[in-house]
Amino acid sequence: MKSISEQIAERWKHLSKSLVQTKSEYRDEQMDNELVSSAKKAMEEKLEIARQKGRGGWWTEDCQTEHLKKMLNEHVTKGDMRDVMNIAAMIYYRESAGIGE
């Protein structure tokens, strides 16, 4: 089974060619939708790997948002953007929901 990253690379080959046929005023929307769809799949793939390793609990009171922010900075340096997206989303969700205030 191909990874999400491989699927994105394969899909881009077709998308980049078909975008020229899309009206210019719709291209950004099309690519924004593609981005969100692909990012969701990549995030889900990475979260599943983390759960299999016994990781989780970002949503609990035991988890500290400041700890997640430190992890975010570390993962930017490491370079796995799936981790960056997931940790940023965890922080966003926690802050929006008022978890740990």
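Hi everyone. Let's start with burial: 24% of the 101 residues in this protein chain count as buried. Please keep in mind that this is a predicted model.

What is the chain built from?

Now the overall dimensions. Along the principal axes, the C-alpha atoms fill a box of roughly 50 × 30 × 20 Å. The radius of gyration of the chain is 17 Å, whereas a compact globule of 101 residues would come out near 13 Å. As for contacts between residues at least 6 apart in sequence, 54% of them join residues at least 24 apart.

Let's go inside. The largest nonpolar core holds seven residues: Cys63, Leu68, Leu72, Val84, Ile87, Met90 and Ile91. Helices H3 and H4 each supply at least two residues of this core, and H4 gives the most, with four. Beyond its neighbours within four places in sequence, Ile87 is in contact with Leu68, Met71, Leu72 and His75.

Next, the largest pocket, with a volume of about 460 Å³. Of the 20 residues lining this pocket, Ala50, Arg55, Gly56, Met71 and Met90 are the closest to its centre. Which helices supply at least two residues each of the lining? They are H2 (24-52), H3 (65-78) and H4 (81-97), and the largest share, five residues, comes from H2. By type, the lining divides into 10 nonpolar, five polar and five charged residues.

Definitions and conventions: Residues numbered from 1 in each chain as written. Predicted model: local features only at pLDDT ≥ 70, side-chain atom pairs only at ≥ 80, totals over all residues. Heavy atoms only, no water. 1 Å grid on protein atoms, 1.4 Å probe; cavity = no way out; pocket = protein on both sides within 12 Å on 5 of 7 lines; lining within 4 Å. Points joined across faces, edges and corners; volume = space filled by probe spheres on them. Nonpolar A, V, L, I, M, F, W, Y, C, P; charged D, E, K, R; others polar. Core = buried A, V, L, I, M, F, W, Y, C linked by side-chain atoms within 4.5 Å. Buried < 20%, exposed > 50% of the residue type's maximum accessible area, 1.4 Å probe, protein only. Contact = heavy atoms within 4.5 Å. Rg over C-alpha atoms; globule rule 2.2 N^0.38 Å.
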